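Please examine the sequence and the structure shown below before reading further.

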Amino acid sequence: MLGATGQIGRAAVRALREDGWDVTAASRGGGRDRTWDADVRSVALDRDEEGALASALGDGCDLLVDMVAYGGTHAGQLTALAGRIGSAVVVSSGAVYVDEHGRGFDTQDRPDGAPRYPVPIPETQPTVAPGGTTYATRKVELEQGLLAAGGTLPVTLLRAGAVHGPYCRTPRELYFVKRALDGRGRRVLAYGGTSRFHPVHVSNVAELIRLAALRPGSRVLNAGDPEAPTVAGIGAAVDAVLGRETETVTVDGPPPEGHVGETPWSAPNPIVYDMTAAEQELGYRPVTGYADSLPGTVQWLVSALRDRGWAEAFPAMRRAYGEALFDYAAEDAWLERYDRRG
Ligand SMILES: NC(=O)c1ccc[n+]([C@@H]2O[C@H](COP(=O)([O-])OP(=O)(O)OC[C@H]3O[C@@H](n4cnc5c(N)ncnc54)[C@H](OP(=O)(O)O)[C@@H]3O)[C@@H](O)[C@H]2O)c1
């Protein structure tokens, strides 16, 4: 497994071990999860180092699970090794989709660029064109490269929603957890708090990987939780785990000022993935739900923040969202004006 020490990998190794797979857990650091049994082999391997993956594969493997594949280069790398890989499961992203006007994740910051997808989005929804420039175009390039080689290498591509769980490097839940820990009594949510960005818990992705491993095929499937709560619902669920109550001020439409009211889930229109194909093709039944899985994630976040600031604990989160994520001064200034307006 490539990328085994990441959030999905840790859970996927466990799921495959439970099914009796003999697992080699690869990552650049070569680390391991403390829940893995001693039979899981961990290896230090940079898949971008010339020849490293080929030599680690040796005579070959029945299954390659790849968490960190992007673009045509990685598609080419895997297809060149097709003779030594029985089948593969590769993590892609729900960010690939576009709506009927070609709007998607790449256009959402433009005026009128927010996608208006069908609810839910089936795998047959059009995607961005393949390319090397953005995350979405590179994922499509990866997908198309791998699907074209379906005759020699069966690959299940999982288009994951907003991944959540322990060991997440960009944990969206931090938005609400940190505010609660900081004693924030009020929160502001744009778009009426109704934004929905379909989450998927790491153990549900792991379950899809486990099932796809049992039924090799050349296909793309969405990867989502059994439900896609609203951002207001997510805030309330975090409060419930922490035993807090936060007053929510909702604003119709976009953030009223700067990033006030903007969360990692915020979008004007729902992003919900259709899970019918995964159910039908793989017999997918989610192993957990958003609220059920949340306590484990929240506890992990709380302990990660115990002796460090958020940007130090989650540098990838800082890079992705910037300091504006916790700009309480801007939030308070806006709330003060909001209160004065009555
Ligand atoms: N986060 C989301 O909401 C989201 C949504 C949709 C799709 N996805 C997809 O999910 C995948 C990421 O999975 P994740 O969130 O489980 O990852 P993650 O937590 O960021 O972990 C990445 C894993 O890959 C390893 N790794 C990174 N570069 C490597 C390399 N060059 N060679 C070998 N191993 C490498 C890392 O360990 P080392 O650092 O030690 O190498 C680690 O084990 C990506 O394909 C992403 O596009 C994520």
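How much space lies in the largest cavity? About 30 Å³ of space lies there, where a volume is the space filled by probe spheres set on grid points that are joined across faces, edges and corners. A cavity is a set of points, on a 1 Å grid over the protein atoms alone, where a 1.4 Å probe fits but cannot get out. Rolling a probe the size of a water molecule over the atoms shows where empty space is left. This is a predicted model, in which local features need pLDDT of at least 70 and side-chain atom pairs count only at pLDDT 80 or more, while totals for chains, interfaces and linings use all residues. Residues are numbered from 1 along each chain as its sequence is written, and side-chain values use heavy atoms, with hydrogens and water left out.

The structure holds one cavity of 30 Å³ or more. Its lining, meaning residues with an atom within 4 Å of a point, consists of Phe176, Arg179, Ala180, Arg184, Arg186, Arg187, Asp239 and Thr246. H5 gives the most, with three residues.

The next feature is a sheet. Four strands form an open sheet in the order S3-S4-S5-S9, with parallel pairing; two strands pair if DSSP finds at least two bridges between them. Strand S3 (61-66) and strand S9 (219-223) stand at the edges with a single partner strand each, so one side of each is left without a neighbour in the sheet. On average, neighbouring strands of this sheet are turned by 20 degrees against each other, direction ignored. Here axes are lines fitted to C-alpha atoms, for helices over the stretch in contact, and angles run from 0 to 180 degrees between N-to-C directions. S3 and strand S4 (residues 85-93) pair over five bridges, and aspartate 66 stands opposite valine 90 in S4.

S3 also takes part in the lining of the second largest pocket, to which S3 gives the most, with five residues. A pocket is an open set of points with protein on both sides within 12 Å along at least five of seven lines. The second largest pocket has a volume of about 450 Å³. Among its 20 lining residues, Met1, Asp22, Thr24, Cys61 and Leu63 lie nearest its centre.

How values were computed
Helices (H or I, at least four residues) and strands (E, at least two) are DSSP runs, numbered from the N terminus.
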